[in-house]
Amino acid sequence: MLLRVLYVSLMEPGLHSCDLQRLVFSARRRNRQLDLTGALFVCEGRFVQALEGQEQAVDKMMLEIARDPRHRDLHVYERAPIKLRMFADWDMAFINDFRLHAPLQGVVDGGASPHQLLETMRDRVNAHKEGPC
C-alpha cells in the first residue's frame, strides 16, 4: 500500500546551510534506496516534510527521522493511504521557503487541513521544477 506522511519538527538550534545540504544529500540517497519520494521544506526553524512510498519503507524512514537529533518535537499531521504520489518526480525536493509560514501555521494551530499544506508544498515544488530545488 502506498502511504503519505506529513510531519513537522523543530530544527536543532545552530543547524547551518552546509548541515542542511548534507542532510538533503543523505536523504535523497536513502530515499532512492527505499523508493521514497517527497518534499522537505525549511520554514522559520521547522522542518516540514511530505514522504511517500510503500508503507513499510515510509515507516522505516519515519523511525530514522524520529531518532535523528536534528529533529525535535516531531508531530505527524497526516498518515494516509494514497493512490498516486504527489511528489513522484522528486526523491526529495528541498526548498527553504518562508512563504510556507501561513499554511503551516494553519495546520499547526488546527485551523487548516494538512491537505491544504500539502497542496501549497506541491505548488511551490512545481514552481521550482525549472531550477534546482
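1. His 101 is partly exposed, because its relative accessibility is 30% (buried is under 20% relative accessible area, exposed is over 50% and partly exposed lies in between, with a 1.4 Å probe and protein chains only). The residue belongs to helix 3; helices here are DSSP runs of H or I with at least four residues, numbered from the N terminus.

2. A word on the basis: this is a predicted model, where local features need pLDDT of at least 70 and side-chain atom pairs count only at pLDDT 80 or more, while totals for chains, interfaces and linings use all residues. Residues are numbered from 1 along each chain as its sequence is written, and side-chain values use heavy atoms, with hydrogens and water left out.

3. What does His 101 touch, leaving aside residues up to four places away in sequence? Its partners are Cys 43 and Glu 44, where contact means heavy atoms within 4.5 Å. His 101 and Cys 43 are 58 residues apart along the chain, yet their C-alpha atoms are separated by 6.5 Å.

4. Now the cysteines. Cys 43 is buried, with a relative accessible area of 1%, whereas Cys 18 is partly exposed at 38%. The disulfide count is zero, taking a disulfide as a pair of cysteine sulfur atoms within 2.5 Å.

5. Next, helix packing. Two packed helices are described by the angle between their axes and the distance between the axes. For helix 3 (residues 101–109) and helix 4 (residues 114–127), the axes come within 9 Å and cross at roughly 160°; axes are lines fitted to C-alpha atoms over the stretch in contact, with angles from 0 to 180 degrees between N-to-C directions. Helix 3 is therefore roughly antiparallel to helix 4 (the term covers angles over 145 degrees).

6. Which residues make that contact? Helix 3 supplies Pro 103, Leu 104 and Val 107, and helix 4 supplies Pro 114, Leu 117 and Thr 120. By class, the contact of helix 3 with helix 4 has five nonpolar residues, one polar and no charged ones.

7. The other pair is helix 1 (residues 17–34) with helix 2 (residues 55–67), whose axes come within 10 Å and cross at roughly 155°. Helix 1 and helix 2 are therefore roughly antiparallel too. Arg 30, Asn 31 and Leu 34 of helix 1 meet Ala 57, Lys 60, Met 61 and Glu 64 of helix 2. The residues of this contact divide into three nonpolar, one polar and three charged.

Definitions and conventions:
Helices (H or I, at least four residues) and strands (E, at least two) are DSSP runs, numbered from the N terminus. Angles under 35 degrees count as roughly parallel, over 145 as roughly antiparallel, 65 to 115 as roughly perpendicular and the rest as oblique. Ala, Val, Leu, Ile, Met, Phe, Trp, Tyr, Cys and Pro count as nonpolar, Asp, Glu, Lys and Arg as charged, and the others, Gly among them, as polar.
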